[in-house]
Amino acid sequence: MMRIKALPDVPRWAVLAAHAVPLVTLPSGLWRLALVVGLPVTQDAELGAMSVGLSAYVVSLSVVSELLAFLTLGLVREWGEVFPRWMPFLGGRRVNPAAATGAALAGAAGLCAIAGWGAYASYADLGPGIPATAAQDALLIACYAPLLAWPVLLTAVAVAYRGRRRDGGRRRGGGGQYGAGRPAASSWV
């Protein structure tokens, strides 16, 4: 069985939730990349190929969303408690739990706002819409629906992180290896 890397005092459900976040963002990113390369995910054949600028925007949106999703792993791994040595100015310093939790919860709130706006814009028929067949609409929904889990998973993992770090890295009833000092550099892989 494959072992998922995480700190020893992180609940198993939080580890699984953190690792699920990059997976729920993947289908929408792949849909956008398919759009850029010209696969028939919409009926925009009359528009022709996307401009270079629009293509770069769509690809960068996919890359940035996936990178932001990967940051959730920091809430269950060593680099969420101590910045890696290779980071300029911050390397080797402890991560402020309130700042990490605040950033995660602000991100979750932003994701909820984006989802809310998207639902409203769709309901109010704002924007040009995406001309598509029923199958293309089903593919779009199948690729974007998993994104609704992102803020829920992120909030749950952030709350677990805050609860764990509030104790200084120590579980009740026992001492924590990561609360007293810095994790070994070899564990950052």
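Contact means heavy atoms within 4.5 Å. The structure is a predicted model, in which local features need pLDDT of at least 70 and side-chain atom pairs count only at pLDDT 80 or more, while totals for chains, interfaces and linings use all residues. Residues are numbered from 1 along each chain as its sequence is written, and side-chain values use heavy atoms, with hydrogens and water left out.

**View 1. Ser65 in helix α2.** Ser65 is found in helix α2; helices (H or I, at least four residues) are DSSP runs numbered from the N terminus. Ser65 counts as buried because its relative accessibility is 12%, and buried means under 20% relative accessible area (1.4 Å probe, protein chains only). Neighbours within four places in sequence aside, Ser65 is in contact with Arg32 and Trp150.

**View 2. Helix α5 and its cover.** Helix α5 has 18 residues and reaches 26 Å from its first C-alpha to its last. This is close to the 26 Å expected at 1.5 Å a residue, where the expected span is 1.5 Å times one less than the number of residues. The buried residues of α5 include Trp150, Leu153, Tyr161, Arg164 and Arg165. What covers the buried residues of α5 includes α1, α2 (52–70) and α3 (97–123).

**View 3. Helix α1 against helix α5.** Helix α1 (residues 12–37) and helix α5 (residues 149–166) pack at an angle of about 150°, with their axes 9 Å apart. Axes are lines fitted to C-alpha atoms, for helices over the stretch in contact, and angles run from 0 to 180 degrees between N-to-C directions. The angle makes α1 roughly antiparallel to α5, a term for angles over 145 degrees. The crossing of α1 past α5 is left-handed, that is, the near helix is turned anticlockwise from the far one by less than a right angle. Among the residues that make the contact are Trp13, Val21 and Thr25 of α1 and Trp150, Leu153 and Ala160 of α5. By class, this contact of α1 with α5 has 14 nonpolar, one polar and no charged residues. Ala, Val, Leu, Ile, Met, Phe, Trp, Tyr, Cys and Pro count as nonpolar, Asp, Glu, Lys and Arg as charged, and the others, Gly among them, as polar.

**View 4. Helix α3 against helix α5.** The angle between α3 and α5 is about 165°, and their axes are 9 Å apart. The two helices α3 and α5 are therefore roughly antiparallel to each other, and their crossing is left-handed. Residues that meet here include Pro97, Gly107 and Cys112 in α3 and Trp150, Tyr161 and Arg165 in α5. The contact of α3 with α5 has 13 nonpolar, three polar and two charged residues.

Definitions and conventions. Parallel < 35°, antiparallel > 145°, perpendicular 65-115°, else oblique. Buried < 20%, exposed > 50% of the residue type's maximum accessible area, 1.4 Å probe, protein only.
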